[in-house]
Amino acid sequence: MKRCGSLYALLVLGAFGQQQYSGPVPPKPDVPYLVHADNLIEPEATEARQQKRKNDDVYTVTGASSPARTPLAEPIFLMRSEKIAPQDLELYRFEVRAGNREVVFPENKKRAPRPYRLVVTRLAEKLYRLEVSENLGLENGEYSLTPRSSNQVFCFAVY
């Protein structure tokens with residue numbers, strides 16, 4: 001009798017673990033879309049220009065603000081992965097200077113900006129949810145998700 005009860009419990013727990021994702025799916029692969037309820041907002045996808053200033057590496061994106069905007073301090077993203085591994089994405093905040101967005105990486109690694117924490121959850125085959133995991137959330141401003149070792153950026157603004 002105990003064995004049947006244990007088997008039943010395992011079957012019930014197994015059924016809960018097999019739930020399929022039923023929400024929206026990003027139309028383009030390798031683009032982390034902002035989630036607003038059942039709507040997906042495509043971020044501004046571009047390449048950051050890299051330049052040397054004194055001993056610093058500066059990455060610049062044209063324009064003072066991204067057209068992709070969210071009011072959420074802890075935004076959630078959905079990404080259908082084909083070439084970019086979602087675990088390789090890093091989130092940085094831009095500073096707006098002279099009408100452009102930029103992030104500066106000084107030669108002194110101790111002063112370098114640190115990426116914000118992201119929690120990556122697999123929802124289905126090649127479908128991932130990325131959540132910002134900061135205690136107080138993100139402040140209003142301009143941000144970018146970027147794959148490590150790449151100048152490709154997916155920009156958005158928190159307002």
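The points that follow go from the overall architecture to individual residues.

1. The model is predicted, and the remarks below should be read accordingly. The protein comprises one helix and 13 strands.

2. Burial and contacts. The protein has 159 residues, and 35% of them count as buried. Among contacts with a separation of 6 or more, 66% are between residues 24 or more positions apart.

3. The β4–β5 hairpin. Strand β4 (residues 49-53) pairs with β5 in the antiparallel sense, over five bridges. The two strands form a hairpin with two residues between them. Lys-54, which sits in the turn, has a positive phi of about 55°.

4. Arg-53. Arg-53 belongs to strand β4, and its bridge partner in β5 is Asp-56. The relative accessible area of Arg-53 is 37%, and the residue is therefore classed as partly exposed. Beyond its neighbours within four places in sequence, Arg-53 is in contact with Val-58, Thr-60 and Glu-102. With Glu-102 there is a polar contact of 3.1 Å between the side chains. The C-alpha atoms of Arg-53 and Pro-106 are 9.3 Å from each other, although 53 residues separate the two along the chain.

5. Aromatic pairs: Tyr-59 and Phe-105. The count of aromatic pairs comes to five. One of them joins Tyr-59 and Phe-105, whose rings are 5.7 Å apart centre to centre with 85° between the planes, an edge-to-face arrangement. Because Tyr-59 lies in strand β5 (residues 56-62) and Phe-105 in strand β9 (residues 100-105), this pair ties together parts that are 46 residues apart in sequence. Phe-105 is partly exposed, at a relative accessible area of 21%.

6. Aromatic pairs: Tyr-116 and Tyr-143. The ring centres of Tyr-116 and Tyr-143 are 5.8 Å apart and the planes stand at 70°, so this pair is also edge-to-face. Tyr-116 is in the loop between β9 and β10 (118-124), whereas Tyr-143 is in strand β12; the pair therefore ties together parts 27 residues apart in sequence.

7. Glu-134. This residue is found in the loop between β11 (127-132) and β12 (141-147). The side chain of Glu-134 reaches the backbone nitrogen of Arg-117 at 2.9 Å. Apart from neighbours within four places in sequence, Glu-134 is in contact with Glu-74, Tyr-116 and Arg-117.

8. The largest pocket. The volume of the largest pocket is about 370 Å³. Its lining consists of 20 residues, and those nearest the centre are Tyr-59, Tyr-92, Phe-105, Thr-146 and Ser-150. Two or more lining residues come from each of β5, β8 (89-97), β9 and β12. Strand β8 gives the most, with four residues. Tyr-59 and Phe-105, discussed above as an edge-to-face pair, are thus among the residues nearest the pocket centre.

Key: Residues numbered from 1 in each chain as written. Predicted model: local features only at pLDDT ≥ 70, side-chain atom pairs only at ≥ 80, totals over all residues. Heavy atoms only, no water. Polar contact = N/O pair within 3.5 Å; in protein donor to acceptor, adjacent residues only side chain to side chain. Contact = heavy atoms within 4.5 Å. Phe/Tyr/Trp six-rings, centres within 6.5 Å; stacked < 30°, edge-to-face > 60°. Buried < 20%, exposed > 50% of the residue type's maximum accessible area, 1.4 Å probe, protein only. Pairing = 2+ DSSP bridges. 1 Å grid on protein atoms, 1.4 Å probe; cavity = no way out; pocket = protein on both sides within 12 Å on 5 of 7 lines; lining within 4 Å. Points joined across faces, edges and corners; volume = space filled by probe spheres on them.
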